[in-house]
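Here's a quick tour of a model, written for someone who likes to check contacts for themselves. Have a look at the structure first, then read on.

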Amino acid sequence: MELMEKAGKIHEELLKSFEAKIERGDAIEPRDKMPDAYRKHLIRQMSQHAHSEVIGMQPEGNWITRAPSLRAKQILLAKIQDEGGHGLYLYSAAETLGISRAEMIEQLHSGKAKYSNIFNYPSLTWADIGAIGWLVDGAAIVNQVSLQRTSYGPYSRAMVRICKEESFHQRQGYEIMAKMMKGTKDQQEMAQDAMNRWWWPSLMMFGPHDSESPHTGDAVKWKIKRHSNDELRQKFIDKTVQQAEVIGLTIPDKDLKWNESRGCYDHGPINWDEFYRVIGGHGQCNKQRMAHHIKVHNEGAWVREAAEAYRLKKEKQLLHS
Amino acid sequence: MTQQQALYKYCLRLGDDALIQSYRLSEWCSNAPILEEDLALTNFALDMTGRAQALLGYAGQIDGQGKTDDDLAYKRGERQFYNHLIMELPNGNFATTIARLLFTSTFEFYFYSDLMNSADATLAAIAAKTVKEVKYHMAHATDWTCRLGDGTQESHRHMQSGIDHHWMYTGELFETDEVDAILQDRNIAVDMASIQQRWHQSITQVLKEATLKIPAGEHMQSGSQQGIHTEYLGHILTEMQYLQRAYPEAIW
Ligand SMILES: [Fe+2]
Ligand SMILES: [Fe+2]
Ligand SMILES: [Fe+2]
């Protein structure tokens, strides 16, 4: 009994010192004591973020072999590599919390871990590559800039590094759209069509309205999340509407209008039925993305085994020499 | 054949090698056995696309008809491509791709090392940049050849079959014709016989270390110098050139 009381007290004190740190705005580092729920929340969020970077390579990779110029191909190849690099970087950051990359991938395959819903939409034309860079990376940046000040040190540092590259992606995507809008009628139609299909899913990337969001409570208290879904969504809309106007693209929202008194844009209702349907596994590409990742992972097993066998063999040889 | 015509064709050959091999490697995006390899193979594809751009751009200049790098990449047909057949073969599994990369990157390493001394300043400059890149491709392919060759029984089997599969396409890498003769006279092109010797030596050594066998005296495939390809190239061009062909007026 005495022992348990003691343990309880220690636990309480650790929790207090953790909360004091958060209060002061200090970063939490891997060796620091942290509540289980904090760790769990971060593992969930960071692995989801890492998986999103990796799964996002699929819809963009879909256009590499069809990129319409050598320059476009280089930009796209480099961008997708950046995303894969973000994935690697985030997997390592998440590993500081005591989970391995293999475990995270297992959780992805079992459906326990998620990835960004946006990649369950198909990339159908070259303009989609522009729209993904401009809108999807554009939305991701808004979220990630906010996460630069997240309380977990490795995550916040990862975000600082990643944000620099993401803003490149956003500009390059915008450049594709701008070029197409200056081009032939076919190109303009292609660009507008991509805009029409990607706009609403991009807004959904920020998640449900604040009033509906189930994860907000602790994440805000622990300063993992620094801005609400609606705040971030608003930021994205306000910067993007002007960019669209400049190149002559129409935002597919008839209710969109400048609100003088709020100093920002009002937007029409988001189709949350669609959001929950896609999250629930019924988007056009949910099955395709997961099946592909699983197939590639399984087919690559013999390569990973060989690399490991070779490593052990060489280690042994070194020991005996 | 004039020197200008020879140089034009020489640049197309090298540019097409880079372009078509980059196409194949870029197909590994989201398909590699480990994320690190996904990034490595597509990064090589990126190097090669840059090389293709430089070489095809230079070819366009030499030709003097106002053709750009993109015109040459996206608007020539099957019979006007001059890449070696080995570049266009399908990727197969990871070991198949590594086997090809071992053969081609070793070839390119010696080739571009010599081309750095070309009397043509543009080619020499492109070669200097390329050597740095292919040195890394070769090291990577060599590492993996050893890992897979000397890894597990299964990986050994895959690696050996990748080597065997590509062997009959390696002879073509060293073929020469009038183009080479004209340019070699002017110290622009490199001596293929010497490259072949070093290539063979290096490959023999790597395969030995990887516990793999060198395939024995087989007939070597040929044809690319006359623009005669495998059935695979047409499909690559169909996909690669789709947007440029479907929207000829468009600028992307
Ligand atoms: Fe991203
Ligand atoms: Fe990213
Ligand atoms: Fe990005």
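## The metal site

Which residues are the protein donors of the iron ion (ligand 3)? In this predicted model, the set is A:E83 and A:E166 through OE, A:D137 through OD, and A:H169 through ND1, with distances of 1.8 to 2.2 Å from the ion. There's a neighbour as well: the iron ion (ligand 1) sits 3.9 Å from the iron ion (ligand 3).

Why is the arrangement irregular? The 4 donor atoms subtend angles of 95 to 153 degrees around the iron ion (ligand 3), and a tetrahedral label would need all angles to lie between 85 and 135 degrees. Along the sequence, the donor residues follow the spacing E-x53-D-x28-E-x2-H. Because A:D137 belongs to helix α6 (residues 126–147) and A:H169 to helix α7 (residues 153–181), the pair ties together parts of chain A that are 32 residues apart in sequence. A:D137 is buried at 4% relative accessible area, and A:H169 is buried too, at 2%.

## Aromatic pairs in chain A

Over all chains, the count of aromatic pairs comes to 24. Take A:Y38 and A:W222: their ring centres are 5.6 Å apart and their planes meet at 85 degrees, so this pair is edge-to-face. It links distant parts of the chain, with A:Y38 in helix α2 (residues 36–55) and A:W222 in the loop between α9 (216–221) and α10 (229–247), 184 residues apart. Are these two residues buried or exposed? Both A:Y38 and A:W222 are buried.

Then there's A:W199 with A:F236, a stacked pair with 5.9 Å between centres and 25 degrees between planes. Here helix α8 (residues 185–204) supplies A:W199 and helix α10 supplies A:F236, so to speak bridging 37 residues of chain A. Both ends are out of the solvent by the numbers: A:W199 counts as buried at 0% relative accessibility, and A:F236 is buried with a relative accessible area of 0%.

## A cluster in chain B

Which residues of chain B form one aromatic cluster? The members are B:Y10, B:F103, B:F107, B:F111, B:Y112, B:W167, B:F174 and B:W199.

## Charges over rings

Two arginines are worth a click. A:R66 lies over the face of A:W63, 3.6 Å from the ring centre. In chain B, the ring of B:W144 has the charged end of B:R147 over it, at 4.6 Å from its centre.

Methods. Residues are numbered from 1 along each chain as its sequence is written. Chains are lettered from A and ligands numbered from 1 in the order in which they are written. This is a predicted model: local features need pLDDT of at least 70, side-chain atom pairs count only at pLDDT 80 or more; totals for chains, interfaces and linings use all residues. Side-chain values use heavy atoms; hydrogens and water are left out. Donors are N, O and S atoms within 2.8 Å of the metal (3.2 Å for Na, K and Ca); water is not among the atoms, so sites may look incomplete. Four donors count as tetrahedral if all angles lie between 85 and 135 degrees; four count as square planar and six as octahedral if opposite donors are over 155 degrees apart and all others between 65 and 115; anything else is irregular. Helices (H or I, at least four residues) and strands (E, at least two) are DSSP runs, numbered from the N terminus. Buried means under 20% relative accessible area, exposed over 50%, partly exposed in between (1.4 Å probe, protein chains only). Rings of Phe, Tyr and Trp (its six-membered ring) pair if their centres lie within 6.5 Å; planes under 30 degrees apart count as stacked, over 60 as edge-to-face and the rest as tilted. A charge sits over a ring if NZ of Lys or CZ of Arg is within 6 Å of the ring centre and within 35 degrees of the ring normal.
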